[in-house]
Amino acid sequence: MTKQTIPFSAAIFDLDGTLLDSMWVWRRVDAEFFAARGIAEPEDYSRAIQGMSFRETAEYTVRRFQLPETAEEVAAEWMRMSALEYAEHVRLKPGALAYLRGLKRAGVKLAVATANRPQLFGPTLERCGAAELFDAICTLAEVGDVSKADGALFRLAADRLGVAPERCAVFEDVHEGIVGAKRAGMLAYAVRDAGNDHLRNEIDALADGVIADFHEMGRFHPLPPARRCVIYTARCEGDPARACAPREDDLVLCADGGWELARRAGVKPELVIGDFDSSREPGDEATRRVPVEKDDTDTMLCLKEGLARGCEDFAIVGGFGGRVDHTLANLQALRYAAERHARAVLCDGLRWATVVKDGAIRVPRDVLGTEDGVKLSVFALSDSCRGVSIRGAQYPLEDGSLSPAFPLGVSNAFAADFAEIEVREGVALAVVCRD
């Protein structure tokens, strides 16, 4: 399946009310803002400001209610009032992350087009696992803070993506956004949001499609199936073939000298990423050379590449042993994936590890290819792990707590064909190794 089955080559997304379930934040901000000034919030206020830029909204509010503050001061107050909610509590709309990843797997370019400010939505996209997926971020401030109905914001996004407007689709929740998308010559999909029920008929008449959530986009076009990303690291003390057997449809990446490990295993990578400060650069593989002085490890760069291509299932081959700092960095990469709602496993045939965050996983007893002589350990990676249950183990735990200051979960054993590890709140590392 390719992007030709999708009627657009680029998708441009509004955030608030479209990708993000965030309108409750602004309803709370409005209520507190007006209450602090002894003003009864008019019923038509939220409708009146729809489609306005952040600056336009502040200017309109100051003008309408004859406030003593400047528009800049009002906007700054709104930013302060909403920052914590965006950083910690705002979530993606149902099905949004899976849809974004599906589009990336299909080769569709993605952009954000919003009236919001990067200081607010940036941390939200990072926390929700969507930041790596976007090829461009555009805000109304960059086009003069004009209304979305003008269409300039969407034309900017298309230009940055390098895609003709007629090959773009816009996803919006407000009428003004749909108007702007059509004015820019683009497809327009409307996402239902309770704040726009008063214009439902107008939106439905103008949009090319209407959805309640992103699960419903399957009615309009198919998406490629999920693709696993296999990452070969430069070190594997066990048998790489036992650690992972790549499938034909896997995305295979190599971190630096990992290409030599993949070659010995008879696997051809799609891309090799590294600084090649400790190994030679391959002469016959697609290669991305990166500076030696950088923040990311080569393995992390491969993980980010896989995430950017829409993968959500990762098998990292090797990565244990040698320098302890390298091992710890690879274990931290597992948490990075989990924070972005992706599954990642680190295995070298002798040891296996993964991370569970606010959820549950099943670990097979034969995950290393043997049923005897293996140990299961669970460690807290966050400040604390609450509601921890370990079932199917020799030493079970039910609704307990783990702390990074004490290794309570070390050196357990399997008592069944699989162990179930559940963490109600927190991040835990599960490790299986041979005795």
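This is a predicted model: local features need pLDDT of at least 70, side-chain atom pairs count only at pLDDT 80 or more; totals for chains, interfaces and linings use all residues.
Q: What should the 12 residues of helix α3 span at 1.5 Å a residue, and how far apart are its end C-alpha atoms?
A: Helix α3 covers residues 54-65, and at 1.5 Å a residue its 12 residues should span 16 Å. The value from the model agrees with that, as the end C-alpha atoms of α3 are 17 Å apart.

Q: Which elements do the buried residues of α3 pack against?
A: Start with who is tucked away: F54, T57, A58, Y60, T61, V62 and F65 are the buried residues of α3. Their packing partners are α1 (23-36), α2 (45-48) and α4 (71-88).

Q: How is α3 oriented relative to α4, and what is the handedness of the crossing?
A: The axes of α3 and α4 come within 8 Å and cross at roughly 115°. Angles of 65 to 115 degrees count as roughly perpendicular, so α3 is roughly perpendicular to α4. As for handedness, the crossing of α3 and α4 is right-handed.

Q: How many nonpolar, polar and charged residues are in the contact of α3 with α4?
A: On the α3 side, the contact is made by F54, T57, A58, E59, T61 and V62, and α4 brings A71, V74, A75, W78 and M79. Sorted by class, the contact of α3 with α4 has 8 nonpolar, 2 polar and 1 charged residues.

Q: Is D296 buried, partly exposed or exposed?
A: D296 sits in the loop between β12 (287-289) and α12 (298-308). Leaving aside residues up to four places away in sequence, D296 touches L301 and K304. Buried means under 20% relative accessible area, and D296 has 22% relative accessibility, so D296 counts as partly exposed.

Q: How far apart are the C-alpha atoms of D296 and Y86?
A: Along the chain, D296 and Y86 are 210 residues apart.

Q: Which strands and helix are included in what covers the buried residues of α13?
A: In α13 the buried residues are T327, N330, L331, A333, L334, Y336, A337 and A338. Their cover includes β13 (313-317), β14 (343-347), β15 (351-364), β19 (418-434) and α12.

Q: Which residue that follows α13 has a positive phi?
A: Helix α13 runs over residues 324-339. A phi near 60° turns up after it, and the residue is H341.

Terms used
Residues are numbered from 1 along each chain as its sequence is written. Side-chain values use heavy atoms; hydrogens and water are left out. Helices (H or I, at least four residues) and strands (E, at least two) are DSSP runs, numbered from the N terminus. The expected span of a helix is 1.5 Å times one less than its number of residues. Buried means under 20% relative accessible area, exposed over 50%, partly exposed in between (1.4 Å probe, protein chains only). Contact means heavy atoms within 4.5 Å. Axes are lines fitted to C-alpha atoms, for helices over the stretch in contact, and angles run from 0 to 180 degrees between N-to-C directions. Angles under 35 degrees count as roughly parallel, over 145 as roughly antiparallel, 65 to 115 as roughly perpendicular and the rest as oblique. A crossing is left-handed if the near helix is turned anticlockwise from the far one by less than a right angle, and right-handed if clockwise. Ala, Val, Leu, Ile, Met, Phe, Trp, Tyr, Cys and Pro count as nonpolar, Asp, Glu, Lys and Arg as charged, and the others, Gly among them, as polar.
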